[in-house]
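The following exercises concern reading a protein model residue by residue.

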Amino acid sequence: MDYVRLLRMRPVLVLWLARSLSVLGDHLYAVAVIWSVYASTRSASLMGLVATLESLPYVLLGTAGRRLVSRCASYRALSRVDAARAALVLALPFAWTPDGRGVAVLLVGVFVLGILGALFDPNLEALLPGLAGPERVQPVAGLFDLTSRIARISGRAGAGLLLLMVSKLQLFAFDGAAFAVSSAALGWLARRHATLPQHRLPQQRPCPPVRAWPLLRDHPRIGVAIAVHGLVPFCSAATTVAMPALLATRFGAGAGAYGLVTAALGVGALIGNPVAGNRRSGGWQAVCCCAWVIEGLATVCMGFVGRVSALEALSLVMGLAAPLGTVTLRTRLARFPAAERLRLMAVEHTAARSGAVASTLLVPMVADVSVRGAFGMAGAVVAAAAVGGYFCPTPPSPGAGAPPRTPDRAVPGGTSQR
């Protein structure tokens, strides 16, 4: 399998370790902060504010921070970002108190960590295509998507288990250690490329900031695909926020059934990811839109099926489709030159975070009125946007850095665009 061959390459292995630990640290930290806030204040609204402040920097930097983001387009800069995250996470539990001052300090810390995450994520993804050559862009994208999914699941589950065995301070220490090891791995990569100038990756030079709107105007299908992908979190919100209510009110089921449905979603993603990472045929836009239509229709159907086993089957289908859309889109973005790729990755993260915030606010409100309606609304939004995005009359325009005479509907070949 391509993933095994990729991991035999030391730079890929080291960056894979760094990415795994960084995502693991993100989710350990998220659970630790939310648990600390709720345990101390019993305030659900404050938990929502914490989640919003963590996502807000992605929106702000994605829309107005291109110069700041472009300054972190190197392994050395990302190593410093993760070192800062490690220090801040380790300091947070000592600064946190349940009074007003402690809450304010925590909210500031969450916002700063969000800024660091918004600097880290798009830059790391923009560096990935240079690891193994242009002919392996898609397997690299698939490998790191799989890594993120596994770390996301294990981070949340691991934090829950750790909270049963260790103190809050120790949980934050685990989190800080994950960021520190990631920082060390990225520092090793920076030193390696500094001593091998003949193999220095193009992305290691600072990327000049690129304006998003002219780039998206030159590649309208890319812009439409990013916008549709930004709505996919509505399906995720339904399966996480509204699913417990659906199981309880319609099936009289509890936490065990919720665990099975969630596990089916994870199993589907783990099966679908290698397929997405090794896919060789078909137009990128058609694949993305088909995957998102499947996710949307599966979400709609969840609100109306009559058995828990059907929910599990639909969750498996959603899990199979999810990495296909994500990996295919990010593979297409990865084929742009370094500066444009970084800007598109930042825009994609901005769209995803904006959709996550909107879905977290809207889906629970609809679920309070009608649980079925929440699933129907979330799925219909995604499916309709995917169909509309595919048939939207936006002919590709030639732009800087685009492959010559290669329309956005076609999957570029294995040649570099630089």
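The model is predicted, so local features need pLDDT of at least 70 and side-chain atom pairs count only at pLDDT 80 or more, while totals for chains, interfaces and linings use all residues. Residues are numbered from 1 along each chain as its sequence is written, and side-chain values use heavy atoms, with hydrogens and water left out.

**Exercise 1. Salt bridges**

Determine which residues are linked with Arg330 in a network of salt bridges.

Solution. 

Step 1. A salt bridge is a side-chain nitrogen of Lys or Arg within 4 Å of a carboxyl oxygen of Asp or Glu. Side chains of opposite charge can pair when their charged atoms come close.

Step 2. Arg330 forms a salt bridge with Glu125, with 3.6 Å between the closest N and O atoms. This pair links distant parts of the chain, for Arg330 lies in helix H14 and Glu125 in helix H6 (residues 100-127), 205 residues apart. Helices are DSSP runs of H or I with at least four residues, numbered from the N terminus.

Step 3. Arg330 also meets Glu348 in a salt bridge, at 3.3 Å from N to O. Here Glu348 is in helix H15, 18 residues apart from Arg330.

Step 4. Glu125, Arg330 and Glu348 are therefore linked in a network of salt bridges.

**Exercise 2. An enclosed helix**

Explain why helix H10 is largely enclosed by the rest of the structure.

Solution. 

Step 1. Helix H10 covers residues 220-229, and eight of its ten residues are buried, so the helix is largely enclosed.

Step 2. Among the buried residues are Pro220, Arg221, Ile222 and His229.

Step 3. The buried residues of H10 pack against several helices, including H9 (212-218), H11 (233-251) and H13 (284-302); contact means heavy atoms within 4.5 Å.

Terms used
Buried < 20%, exposed > 50% of the residue type's maximum accessible area, 1.4 Å probe, protein only. Helix = DSSP H or I, 4+ residues; strand = E, 2+ residues; numbered from the N terminus.
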